[in-house]
Structures are given as C-alpha cells and as structure tokens.
Amino acid sequence: QMLYTLHPGALYQINPKTQTMSIVARSAVTLGPMAEPTSLVAWDDKLILLSATAGSVMVWNLDTMAAELTVFFGGPIDAHPFRGDLLVTEIMTGRIVRAYGSNSFQSRDTIFEVTGAVPLFLAGDDDNVYVSDGARGLVFQIYAGGELLDPPREIVSGFSSPEGIALHPNG
C-alpha cells in the first residue's frame, strides 16, 4: 500500500513501511504535466486529481505514472467514482455532474442543482451516495440503491459548513 498527498507544486507518493516519500509529478506551477491540484481521490489503479483553481480533473494512471486524461469542470472540489462514471462537485456552478463516455468524461448530466446549495464533498459506494452542502449546513443523499433521488433526501442538518464526508461499510 502507498499513500499519496498533494503539496503545492507536486504529487507525492509515501511508503508507510519505509517512511519515505518521493515526487510522482510536478504541477504546472513548477512546469510539470498537471495543473495545480487541490484535492485527490483514489479510483482502482488510478488517482483523480482535481484542481479547483484551474478547473481541471486529471485521471492519473499509477501503473504508468502518467496522465490518461484531463477534462474541465466548473471549479471541481471533489469526485466520486460511481458505476464506471465520475460524480464531480463544481464550486463555480453549485452543481453535481455525472461525467461519462468511453473514459473521456465529455458527456455529462447535471444530477443536482438547487439554488443556494453548495455541494462540496461526496461519499458512498456504487449504490448510495451522500453529499455535504457547505452553504445550507446539511448532508443529503443523492443516490439510493443505485437510483438517483429526486428530490435528494436530507439526512441531517445543523452544521455551520460540513466539509469532508466518508461512508464506512461497517456502520
């Protein structure tokens, strides 16, 4: 197992056993191949690197240590792999989009857009997906049993601004 983290200017790989780190790639700020990433998500043998500032989402292949694809969104904050597609929260638009299409992610459907909402972070599996809303202080569910909920189901409210969110399989 390896850990990955972002630091201004680079993507790092960390080996917890040897307690060593190495630079995997430098960002555009340091003339490397990727835009300045602000968050990352693991997806099988890949990393999804998101740059809210550059508006880009990069699929980074850990086997080849190279970018497979870079696509653009409206200020991507978080992403969640879902049934072969990618759910992405967009801070600039206040939407959640489902990107798909032969690994190009050029085809997109808006799956959530509510005036006043700021969907930030996603958590879930291939059946259930939850979202934190930074503006309204709540957590809601957008997928249940693999089906899109319309309207989404409010799970809890009362936060000032919920940020990170995780779903653990053992409750």
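How many bridges pair β5 with strand β6 (residues 56–61), and in which sense do the two strands run? The pairing is antiparallel and extends over six bridges. The structure described here is a predicted model, in which local features need pLDDT of at least 70 and side-chain atom pairs count only at pLDDT 80 or more, while totals for chains, interfaces and linings use all residues. Residues are numbered from 1 along each chain as its sequence is written, and side-chain values use heavy atoms, with hydrogens and water left out.

Strands are DSSP runs of E with at least two residues, numbered from the N terminus, and two strands pair if DSSP finds at least two bridges between them. Strand β5 comprises residues 46–51. Leu49 of β5 takes part in both pairings: it is the bridge partner of Leu40, and it stands opposite Met58 in β6. Five of the six residues of β5 are buried, so this strand is largely enclosed by the rest of the structure. Here, buried means under 20% relative accessible area, exposed means over 50%, and partly exposed lies in between, as computed with a 1.4 Å probe on protein chains only.

The connections on either side of β5 are hairpins. Between β4 and β5 there are two residues, and Asp44 takes a positive phi near 50° in this hairpin. Asp44 belongs to the loop between β4 and β5 and counts as exposed, with a relative accessibility of 74%. The C-alpha atoms of Asp44 and Ala135 are 31 Å apart in space, and the two residues are 91 residues apart in sequence. The hairpin of β5 and β6 has four residues between the strands, and Gly55 in its turn has a positive phi of about 75°.

An open sheet is formed by four strands in the order β8-β9-β10-β11, with antiparallel pairing. Its edge strands, each pairing on one side only, are β8 (76–82) and β11 (107–113). From one strand to the next, the twist averages 25°; the axes behind this angle are lines fitted to C-alpha atoms, and angles run from 0 to 180 degrees between N-to-C directions. Strand β9 (residues 85–90) runs antiparallel to β8 and is joined to it by six bridges. Within this pairing, Pro76 has Glu90 as its bridge partner in β9.

A second open sheet contains four strands in the order β12-β13-β14-β15, and here too the pairing is antiparallel. The edge positions are held by β12 (119–124) and β15 (147–157), each of which pairs on one side only. The twist averages 25° from one strand to the next. Four bridges connect β12 with strand β13 (residues 129–133), and Gly124 has Val129 as its bridge partner in β13.

His80 lies in strand β8 and is buried, with a relative accessible area of 9%. Contact means heavy atoms within 4.5 Å. With neighbours within four places in sequence left aside, the contacts of His80 include Leu86, Leu122, Gly124, Asp125 and Val129. A polar atom of the His80 side chain lies 3.5 Å from the backbone oxygen of Asp125.

Three aromatic pairs are present in the structure. Rings of Phe, Tyr and Trp (its six-membered ring) pair if their centres lie within 6.5 Å; planes under 30 degrees apart count as stacked, over 60 as edge-to-face and the rest as tilted. In one of these pairs, the ring centres of Trp43 and Phe105 are 6.0 Å apart and the planes meet at 35°, so the pair is tilted. Trp43 is located in strand β4 (residues 39–43) and Phe105 in the loop between β10 (95–100) and β11, so that this pair links distant parts of the chain, 62 residues apart. Trp43 is buried, at 15% relative accessible area, and Phe105 is buried at 5%. The rings of Phe82 and Tyr143 also form a tilted pair, because their planes stand at 35°, with the centres 4.3 Å apart. Phe82 lies in strand β8 and Tyr143 in strand β14 (residues 138–144), so the pair ties together parts that are 61 residues apart in sequence. Both Phe82 and Tyr143 are buried.

Conventions:
Polar contact = N/O pair within 3.5 Å; in protein donor to acceptor, adjacent residues only side chain to side chain.
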